[in-house]
Amino acid sequence: MADVAQQAERAVVLPPPVKVALSTASVYPESTATAFEVAARLGYDGVEVMVWTDPVSQDLQALRRLSDYHQVPVLAVHAPCLLITQRVWSTDPWVKLQRARAAAEELGASTVVVHPPFRWQRQYSRDFVEGIWRMANETDVRFAVENMYPWRYRDREMLAYAPEWDVTKDDYRHYTVDLSHTATARTDAMAMVSRMGDRLGHVHLADGRGSAKDEHLVPGRGTQPCAELLEHLARTRFDGHVVIEVNTRRAMSAAEREADLAEALAFTRLHLASAARLP
């Protein structure tokens with residue numbers, strides 16, 4: 001009877017499972033629609049929609065139809081912050097964030113992922129921290145600001161983001177940590193997670209080897225503490241989502257791409273589960 005009671009006690013205090021989502025960017029150059037299909041087939045808990053040049057990623061009705069058809073919820077929306085998306089959903093960065101928030105609310109997503117501004121977006125960068133707080137106060141959706149990295153070319157380094165590529169130097173309600181970006185920045189990922197503390201609201205899981213390029217390798221294929229981070233999330237009862245955001249552009253076939261995404265999902269769930277058991 002004592003053993004049964006101990007098992008029951010453990011069952012009560014175990015943290016709820018963390019949902020693991022697939023970024024639609026992980027199937028590039030395939031489409032947003034393909035990402036929903038792959039996520040359903042492999043058993044992901046949902047998707048994060050990267051809003052970019054694919055018209056479907058910008059169309060809420062199309063996204064809802066895909067979500068309903070594949071029974072795959074949209075858990076997060078990544079606002080169009082990339083160089084190639086400067087004209088998607090407006091050229092005004094605040095309008096982009098307003099539309100991302102509206103998309104998240106409409107689709108039932110809990111999080112909007114946003115990058116810090118580019119340095120040449122001077123007015124936007126000056127108002128960014130205060131503006132993100134203002135928008136966060138207007139909704140239940142989390143605005144989770146993502147860590148970035150210096151741009152490097154040969155021996156030169158350019159600070160492309162403002163106020164900071166290391167977003168922990170500024171005050172935000174929620175952060176996104178991206179382990180491919182910590183690799184590119186050559187910074188200590190777990191130290192950054194520690195600085196984020198309970199404001200860590202979202203995770204982009206990928207690996208990297210410290211190249212000047214943002215590699216987004218399958219977790220376990222680089223030098224980043226992917227397993228350590230997942231075990232930390234399970235132990236600390238993380239209440240956000242883990243999103244697989246990897247680069248599969250070099251995959252020679254759809255089968256090879258899916259094998260990589262299945263490996264990433266298995267790695268993630270294994271390390272979340274291994275730390276979720278009490279000692």
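Colleague: Leaving aside its neighbours within four places in sequence, which residues is Leu 233 in contact with?

Modeller: Bear in mind that this is a predicted model. Leu 233 sits in helix 8, and it counts as buried because its relative accessibility is 1%, under the 20% cut-off. Setting aside the neighbours within four places, its contacts are Leu 200, Val 203, Phe 238, Val 242 and Leu 272.

Colleague: Leu 272 is in that list. How many Å separate the C-alpha atoms of Leu 233 and Leu 272?

Modeller: Along the chain, Leu 233 and Leu 272 are 39 residues apart.

Colleague: Over to helix 7. Where do its buried residues fall, seen down the axis?

Modeller: The buried ones are Ala 189, Met 190, Met 192, Val 193 and Met 196. Seen down the axis, they fall within an arc of 155°, so they line one face of helix 7.

Colleague: And what covers the buried residues of helix 7?

Modeller: Helix 7 covers residues 189-196. Its start has a side-chain oxygen of Asp 188 within 3.0 Å of the backbone nitrogen of Met 190, and Gly 197, with a positive phi near 55°, follows the helix. The cover over the buried residues includes strand 8, helix 6, strand 9 and helix 8.

Colleague: Now helix 3. Which exposed residues are carried on the face turned away from its buried side?

Modeller: Start with the buried residues of helix 3, which are Ala 62, Leu 63, Leu 66, Ser 67 and His 70. Those fall within an arc of 135° seen down the axis, so they line one face of the helix. Helix 2, strand 2, strand 3 and helix 4 are among the elements covering them. The face turned away carries Arg 65 and Tyr 69.

Colleague: Which residue caps the N-terminal end of helix 3?

Modeller: Look for a side-chain oxygen by the backbone nitrogen of Gln 61: there is one 3.0 Å away. After the other end comes Gln 71, with a positive phi near 55°. The N-terminal cap is Asp 59.

Colleague: Glu 245 is buried yet has no salt bridge. Which side chain does the side chain of Glu 245 make a polar contact with?

Modeller: Glu 245 is in the loop between strand 10 and helix 9. The nearest side chain of opposite charge, Arg 249, is 9.9 Å away, so a salt bridge is ruled out by the 4 Å limit. Glu 48, Glu 146 and Asp 178 are among its contacts. The polar contact, at 3.4 Å, is with the side chain of His 204.

Colleague: What about Val 246, buried or exposed?

Modeller: Val 246 is found in the loop between strand 10 and helix 9. Its contacts beyond four places in sequence include Ala 25, Leu 205, Val 218 and Leu 261. With a relative accessibility of 3%, under the 20% cut-off, Val 246 counts as buried.

Colleague: Last one: how many disulfides does the count come to?

Modeller: A disulfide is a covalent bond between the sulfur atoms of two cysteines. With a cut-off of 2.5 Å between sulfur atoms, the count of disulfides comes to zero.

How values were computed:
Residues numbered from 1 in each chain as written. Predicted model: local features only at pLDDT ≥ 70, side-chain atom pairs only at ≥ 80, totals over all residues. Heavy atoms only, no water. Helix = DSSP H or I, 4+ residues; strand = E, 2+ residues; numbered from the N terminus. Buried < 20%, exposed > 50% of the residue type's maximum accessible area, 1.4 Å probe, protein only. Lys, Arg positive; Asp, Glu negative; His and termini not counted. Polar contact = N/O pair within 3.5 Å; in protein donor to acceptor, adjacent residues only side chain to side chain. Contact = heavy atoms within 4.5 Å. Arc of directions from axis to C-beta.
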